[in-house]
Each structure stands twice: as structure tokens, then as C-alpha cells.
Amino acid sequence: MHLNNHIHDGSEMEFHGLSVQLILSVPFFIALVIYLYAAILSKRRKRSWRSYRIVMWITGIFCALAAIIGPLATRSHSDFTAHMLGHLLLGMLAPLLLVLASPMTLILRTLDVKHARTLSHILKSNPLRLINHPLTASFLNVGGLWLLYTTSLYQTMEQNELVQIAVHLHVFLAGYLFTSAFIYADPNPHRTGYIYRSCVLIIALACHGILSKYIYAHPPMGVPIDQAKTGGLIMYYGGDVIDLILITILCYQWFKGTRPRMNEAISIK
Amino acid sequence: MAENNNKSNYPKNLWSGLLFGIGLVAFIDEAVFHQLLHWHHFYDKSTTGIGLVSDGFFHAFSWFATVGSLFMLADLPRRGGWLPMRWFGGLLLGAGGFQLYDGTIQHKLMGLHQIRYDVNIVPYDMVWYITSVLMIIIGIALLARSKGKSSQVGVTTNHAPK
């Protein structure tokens, strides 16, 4: 393991940085290819797949890739502002776009019956039910960020590549779980009520906002105060913009789901 | 039956207005005082931990309330149950209530931030408090009137989708 990477000369550091970037980007390239292949298969079987979903998936993948490979990723090692921008893309915007692309629906309709059944069995299983529950997903997502920015984990990540890969994967996966726990674009076997999801979402957003202000005032270990300030502001306002989209979609799903019927016998609150 | 339907829409109108009022004040606070005038500070050295938590929850709540209340408002006409006076009463009550809470408990007790810095704060505080109390009084008056009014003529004014 390459502890104390910063002591090595620049070129070696760049080389290690590049290998981390490549390892992290492979799953995203695979996901892109599989999705596009499945969309083509679906169309070939005369079952159309909405093209806006394909656009969502491609944009989402590129948002995630922008955060883990290329200039922004390289800069984020020395610049906390760039790091925060990357996390906004990887942990919030990319998951939102990818969830809206309904990947599970596409995969389930492309697989043959036997495999589709196995997959839906896995999706219904208790472990997935547990981590995709709004409360657990929020805890994994926002709790993970608290752990990263208020302990020495951030500094450790800067020095240890394995930790770096693990943190990035966690940020993305927790972001995806979080988004899919609140807005349902795929068939979800464990739905929770709108009011319940709204309350949990408010708590999660509050904890995210509080953490941004905390970072603004108390920089994570090894981060200069001015970078922590811009980083905190980006996290606060950037988070607000994406939260606004999340809230709007959740409310719109409520609005559509509670449409009054012509002959309304039960009043839905 | 029509009157029952109207009564059942009382809380929905009130809540939608109330939540929108809270969201509106929070939005004006953010847009005007934080961003345009730069009177308020994002973070003030005297901010207490509880102030940070309270502000975080109110910010998230008001952000949600703005969007949610507008969807609730859109839901009312399709059920033929929009009562404008009750809705506006709720709006003023929510707006005034939140402003009063922000001005007293958050600004003073929790030391979140002041309305403005390096000036005599008293007149600013007074304007803040008086407007919030006025909004609460007018809001309550509207709510009381809407109740009286719709129970008198309730049968004729509802369940007519426009």
C-alpha cells in the first residue's frame, strides 16, 4: 500500500492517481454498455424503451465519470472545492439521473423469464429491503458523509488508495440507494407511504445542510479554511438544488398517485 | 353533503396555506437578506450548536413545504375544494409565525445571526417583530372570517369545479 503518497515525487503520484481513476471508472463503463445493449434488445423485440431514459442514463454515467476520472478528479486531491464538486456529481446528481433511467425495469424486461425471476427474487430479499428502506438509506448516505468529514477519514483517504476507492464507491452506492428509496422509477416491492418518506427526507436533508455549515466553520483535517468555506457553500447550495428536484419528483408522484377518482368513496390524505 | 365536503377541505386549505407561508418567508429570507442585501451571514461565530441544528431543520422543512404546499394547492381545485380566504389566512399565519420564531428564538436565543451587522439593531428588530405580529393577526382574522362565511353560504359556494 502506498501510504504517504505525497512524499513520493509528482510523476509517481500521478501514476497511482491514474490507476485509482481507471479502477473506479470500469464499473461505470460496463453499466453504460449493458444498459445500451439492453435498450437495443428491447427495441429489437418491438418493446420500445423511452429515449429520455437512455439520455438520463448516459448523462448520469458521465456525471459520475467526471467525478472519478479526468481533470476534476485529479484536482480534487489538492483542492477541497473540486473534491466537493465531484462529490455533488458522484453522490447526488449521477444517482438521481440513473434512478430516473429505470435500469431495473429495463433489465427485467430484457432477461428471459427464469433469470428475471431470480433477479426479482433478489430485489425482494430482506437484506435489500433493509438497505433500501428510507431510514437505513439516509443513514448510510448522510451518516457516511458525517464520518468522512468530521473524523480523520478524509485525511486517510487522501493518503491511502484503497480507502479512496472504498469511499468513492460508498458515496455513489449510498447516493443511489438514497435516491431510489424516495422516488420510485423502478418497481419497488417495499414501498413506504408518501408522508413517511417526506418526513425522513426532511430529516436527511437537514442533516446534510447542518454538515455543510459545520464544514464551513470546522474544516476537515488537512483542509485549509478558505477551501473548507467554499466547499461548505457548494455542498449547501448545490445540495439544495438537487434536493429541490428530488422533492418535486416525490410530490409529483404523490400528486399523480392520489388523483381523485370520478366516484370517490375514500378520501385520501 | 356539500357542506360536509367543504368542511373536510378546511384543514387541507389551512395546511397548504400555512406551509406555503413558511416556505415563502424562508425563501424571501434566503433570497433577499442573504443573497441580495448580504445583511445576514451564512455562519456567524456566535452560532450555537442548537442554532445550527434548528436552522438546518427549518431550512429543510421550509424547502419541502414550499414545493409540497403548492402540490397540495394544485390538488384542491381538482377536488372542488379551494377556499381562497382560508388559504390566504393560513399563508399569513404561517409566514408571521415563522418570522417571529426566526426573529426571537433563532436570532436572539440561539444566536444564529442578526438581521444586520454594524448598525443599531433595535429598529430592524422592531420592524421584524411588528410585521410578523401583524401577519399573524390578519391571518387569524381571515381564518375566523372564512369559517363564519363558508358555514353561512357554504351550500352554494362549493363543489363547483371551475
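**Close-up views of chains A and B**

**View 1. Where chain A meets chain B.** Chain A brings 22 residues to the contact and chain B brings 19 residues, with two residues counted as touching if their C-beta atoms, placed from the backbone, lie within 7 Å. On the side of chain A that touches chain B, the elements giving two or more residues are α11 (194-217) and α12 (225-257) of chain A. α11(A) gives the most, with 11 residues. That side of chain A splits into 15 nonpolar, 4 polar and 3 charged residues. This is a predicted model, where local features need pLDDT of at least 70, side-chain atom pairs count only at pLDDT 80 or more, and totals for chains, interfaces and linings use all residues. Residues are numbered from 1 along each chain as its sequence is written, and chains are lettered from A in the order in which they are written.

**View 2. Helix α4 of chain B and its kink.** Helices here are DSSP runs (H or I, at least four residues), numbered from the N terminus. At 1.5 Å a residue, the 26 residues of α4(B) (residues 84-109) should span 38 Å, and the end C-alpha atoms sit 36 Å apart, which agrees. Still, α4(B) has a kink of about 30° centred on Asp102(B), taken as the angle between axes fitted to the seven residues ending there and the seven starting there.

**View 3. Lys46(A), a loop residue with positive phi.** Most residues other than glycine have a negative phi. Lys46(A) has a positive one, near 65°. Lys46(A) sits in the loop between α1 (10-44) and α2 (51-68) of chain A. Lys46(A) is exposed, because 6 other C-beta atoms lie within 10 Å (12 or fewer counts as exposed).

Technical notes. Expected span 1.5 Å × (residues − 1). Nonpolar A, V, L, I, M, F, W, Y, C, P; charged D, E, K, R; others polar. Buried ≥ 20, exposed ≤ 12 C-beta atoms within 10 Å, placed from the backbone.
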